[in-house]
Amino acid sequence: SQITVSYKGELTNGTVFDQQTSFISILDRLVDGWQEGIPLIKKGGEIMLYIPPSLAYGATGNNVIPPYSILIFDISLTNVQ
């Protein structure tokens, strides 16, 4: 599915690492935590996901997210196709 969302992503220490108001992507191209969490809501719905490292960036992290980070996302699903 192609999804359109607005979201804020932060670390457990409160550091916001990303925020977008209109993000479009194919669901199966996103971290596993999103792939499991987004189908739990319908278009127009909102969800807060606490994603463990095993469903996100694990031991490697990325340029912004440290290894073994738990990620917190506030997500509003605006469209699904």
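Which residue in β2 is the bridge partner of G9? In this predicted model, the answer is D18. That bridge is a handy way into the fold, so the strands come up again below once the overall layout is in place.

Taken as a whole, the chain has one helix and four strands. Starting from the N terminus, these elements follow one another as β-β-α-β-β. The radius of gyration comes out at 12 Å, close to the 12 Å that the globule rule gives for 81 residues, so the chain is as compact as a globular protein of that length. Laid along its principal axes, the C-alpha trace spans about 35 × 20 × 20 Å. Of the 81 residues, 38% are buried.

Back to the strands. β1 and β2 pair in the antiparallel sense, with eight bridges between them. Together they make a hairpin that leaves four residues between the two strands, and G14 in the turn has a positive phi of about 95°. β1 also pairs with β4, again antiparallel, over nine bridges; here T4 stands opposite N79 in β4.

β4 has another partner in β3, with six bridges joining the two in an antiparallel run. Within β4, L71 is the bridge partner of I51. Strand β3 (residues 46-51) itself has two faces: I47, L49 and I51 are on the covered one, while E46, M48 and Y50 are on the uncovered one.

Next come the aromatic rings. A pair of such rings is described by how far apart the centres are and by the angle of the planes. The structure holds six aromatic pairs. One of them joins Y7 and F23, whose centres are 5.6 Å apart with 80° between the planes, an edge-to-face arrangement. This pair links distant parts of the chain, since Y7 is in strand β1 (residues 2-11) and F23 in strand β2 (residues 16-26), 16 residues apart. Y7 has a relative accessibility of 7%, so it counts as buried.

A second example is W34 with F73: the ring centres are 5.2 Å apart and the planes meet at 90°, so this pair is edge-to-face. W34 lies in helix α1 (residues 32-37) and F73 in strand β4 (residues 71-80), so the pair ties together parts that are 39 residues apart in sequence. Both W34 and F73 are buried.

The largest pocket holds about 250 Å³. It is lined by 14 residues, and the closest to its centre are Y7, F17, D18, Y57 and F73. Among the elements, β2 gives the most to the lining, with four residues. By class, the lining has 10 nonpolar residues, along with two polar and two charged ones.

Technical notes. Residues are numbered from 1 along each chain as its sequence is written. This is a predicted model: local features need pLDDT of at least 70, side-chain atom pairs count only at pLDDT 80 or more; totals for chains, interfaces and linings use all residues. Side-chain values use heavy atoms; hydrogens and water are left out. Rings of Phe, Tyr and Trp (its six-membered ring) pair if their centres lie within 6.5 Å; planes under 30 degrees apart count as stacked, over 60 as edge-to-face and the rest as tilted. Buried means under 20% relative accessible area, exposed over 50%, partly exposed in between (1.4 Å probe, protein chains only). On a 1 Å grid over the protein atoms alone, a cavity is a set of points where a 1.4 Å probe fits but cannot get out, and a pocket is an open set with protein on both sides within 12 Å along at least five of seven lines; lining residues have an atom within 4 Å of a point. Grid points are joined across faces, edges and corners, and a volume is the space filled by probe spheres set on the points. Ala, Val, Leu, Ile, Met, Phe, Trp, Tyr, Cys and Pro count as nonpolar, Asp, Glu, Lys and Arg as charged, and the others, Gly among them, as polar. Two strands pair if DSSP finds at least two bridges between them. The radius of gyration is taken over C-alpha atoms; the globule rule is 2.2 Å times the number of residues to the power 0.38.
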